[in-house]
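Morning, everyone. Let's look at one helix pair, then at some charged side chains.

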Amino acid sequence: MQTQDQAGDASALRDAIVRKLTYEMGKSRSGARDRDWFLATALAVRNRVIDRWLEATRAAYEQGEKQVYYLSLEFLVGRLLRDNVSNLGLLEPLREALQPLGVDFDTMRQEEPDAALGNGGLGRLAACFMESLASLGIPAFGYGIRYEHGLFRQILREGWQHEYPEDWLTFGNPWEFARPEIAHDIGFGGSVEAVRVSEEEVRHVWHPAETVQAVAYDTPVVGWRGRHVNTLRLWSARALDPLKLEAFNYGDHVGALADRVRQEAISKVLYPSDESPAGQELRLRQEYFFTSAALQDLVRRHLRVYGDLRSLPDKVAIQLNDTHPAIAVAELMRICVDLHGMPWDEAWTVTRGSISYTNHTLLPEALESWPVPLMERLLPRHMQIIYLINAHHLDSVRARWPGDVRLFSSVSLIEEGHGRRVRMGHLAFVGSHKVNGVSALHSELLKKTVFRDFHQLAPDRIVNKTNGITFRRWLQQSNPGLTGLLTEAVGPEVLDDAGLLEGLAKQASDAGFRDRFAAVKRSNKEALAALIRQQLDLRVDPDAMFDVQIKRIHEYKRQLLNILETVALYDAIRSQPHLDWAPRVKIFAGKAAASYHRAKLIIKLAHDVARVVNDDPTVRDRLKVAFLPNYNVSLAETIVPAADLSEQISTAGMEASGTGNMKLALNGALTMGTLDGANVEILEHVGEPNIFIFGLTTEEVEARRRDGTHGIAAVQASPRLGEVLEAIESGVFSPDDRGRYRELMGSIRGHDYFMVASDFDSYFQAQRRADALWGDRAGWMRSAVLNTARVGWFSSDRTIAEYAREIWNVPVRR
């Protein structure tokens, strides 16, 4: 029953929405479309946020609170209307407000585009962390880039990925506030002048060859129950000289805009292809652009309030989300030394005391390094600073381990072999007071692999902070049916404290509760089945097992292993039709990097396999394959609640953590996974009977690589795998180009770096264990309930509270 307060809130919201529609958008109620209603609603809801936002900002400075500054190249926030409305407690009043206007909230909110500000787990994690920072009452700014066209919009034509610009800003972004008055000059190139200011002191002055302005756009980030609001500040590149008027007047209309186009390209696209030298330079320009803008901004704010940069570590915690903003170490030193005249040693104390660094990968290509000539040309003063940091760093190493040439080479910030390069991960490590991994396994591997020698130098620096997710978004917003069931069973307080989910475990033995849990799952599967029908013209059975792998396409994530098992299952169903095969729908989604040609080929293979399997009447709907295009947060919010089986099958030792595994388990999906990333901790929490673990361990993978073991041995030992590879490479699934997959299959027989062949039989058998449990509906649903009950620990609230206590030294207010 609606309360009097809710009715009043609904009436006030309705009036506010109609005013926005009329006076800010110039539309009448009769002429308004769903997009107009969305914009008017978003603006009305935004007004409810502003006072809290301004008050939170004011209080942080008046009370002298330490603030967190989270630097990330990605923030995959998705749609914000439902997120903000839910956090403000306005969902039901808003539905009530819209109903007399003839507007259905769920239909209208589909008009909001996904903010194209990220690619995958890294960006989604940053968005989760921003929400948890606000929910825990920790004053914080997120800093990134306002990409005009995002990563790309994925369109599949005959199974081949094509990239098109995202158009998420076409109709504007109602959540953001343009701040043209907040702009910082970002320099590139030029020269460095040494100016002697006294006999003892030389001041270095950088004279950039070009300057681009970083202009701020602010989006309020609303915490749970609206208790606190933080700021996501994104930077857009603006040319200082938008038009060379003289050239334009001489008729060179295109040339007059060339410099502007080149400079403003910085904030056009996320992760431009780096196959060309120009692409590499653009990526470096992007990373320095947003990092410099962020540091200039926070230093300006700090000096305005506190007046002295020496207090920066006491009032500021700068968190680098992966190596993209690692140039922050050199930039903060430049600001302290060159712009504020601070002695080098003091500046180094300030820099290291303020910065901490999260490592997200053990992959060499993701631990960025830049050619020294490119750095010297684009950032000449920073290159000088990096050389000097390296000299001091190596002096301290030499003092403790004299004569250890191998160690000096290993920990140097400059890689000398095969062309000199600046190691950005090394720079981030040296310039941070804490370095963290993102799962227990990953953090231990950091100490043993990429940062092994650094761990010897600073054994207390590496700590673990296992990733988490904003469980409210992935329950309350993505799965309202399950949320209602949970709040009824455990109490509404579960939305405040994910740890209370543990109280659900006792319900796993209650047949009535399991039936209700299963009914919610089936309803979600019907919604996903409808989406698959709409997008792919493919009918799937909601009573089949929905077997889901949704993530960025990469060889180490092993979508290829899943596809090979799909072919093996297809062959087995046809050759043994008398067996009681568990019906399955294999569901894939994910984008391949524009320049990652093998990943694109894997997408094509999934499409080719799907075409053959889905058109074959002999499998009698026991197996279907669906690849949904243009994976984003909104698509995930439909897939995740509907999943029965969660594919987390990366090569052991290569996935830092993963967060999709957490979202899917929270929504009652059982994990099919290797002992990699956070799967290890999920196993510990949900229990061995409620997860399917297979494959080589990290140690076994390392041993096989050291021994030079090739895939051919595993293929020869597995007739089933041999038949699958032969079918694919002979063109059974690609009759239009029978040689299309020959090289891809050859790589499995060859070096097989990602252990696809070695893990195939173990994976196939684990899938049959899943089939067996699926046949026991009570047993499957019991495990599903226990997964939901036991993964509350993976809340990003818990993760952020650990960062606050152990890295940032800031209080948590909830």
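Start with helix α22, residues 559–575, and helix α29, residues 719–729: their axes come within 9 Å and cross at roughly 100°. Axes here are lines fitted to C-alpha atoms over the stretch in contact, with angles from 0 to 180 degrees between N-to-C directions. That makes α22 roughly perpendicular to α29, a label for angles of 65 to 115 degrees. Helices are DSSP runs of H or I, at least four residues, and strands are E runs of at least two, numbered from the N terminus.

This is a predicted model: local features need pLDDT of at least 70, side-chain atom pairs need 80 or more, and totals for chains, interfaces and linings use all residues. Numbering starts from 1 along each chain as its sequence is written, and side-chain values use heavy atoms, without hydrogens or water.

Now salt bridges, meaning a side-chain nitrogen of Lys or Arg within 4 Å of a carboxyl oxygen of Asp or Glu. The structure holds 69. One joins D297 and R233, at 2.7 Å, N to O. D297 sits in helix α9 and R233 in strand β9, so the pair ties together parts 64 residues apart in sequence.

Buried or exposed, D297? Buried, at 0% relative accessibility. Buried means under 20% relative accessible area, exposed over 50%, partly exposed in between, with a 1.4 Å probe and protein chains only. R233 is buried too, at 5%.

Last, E681, in helix α26. E681 is buried yet has no salt bridge. R798, the nearest side chain of opposite charge, is 6.4 Å away; Lys and Arg count as positive, Asp and Glu as negative, and His and chain ends are not counted.

Note on methods. Parallel < 35°, antiparallel > 145°, perpendicular 65-115°, else oblique.
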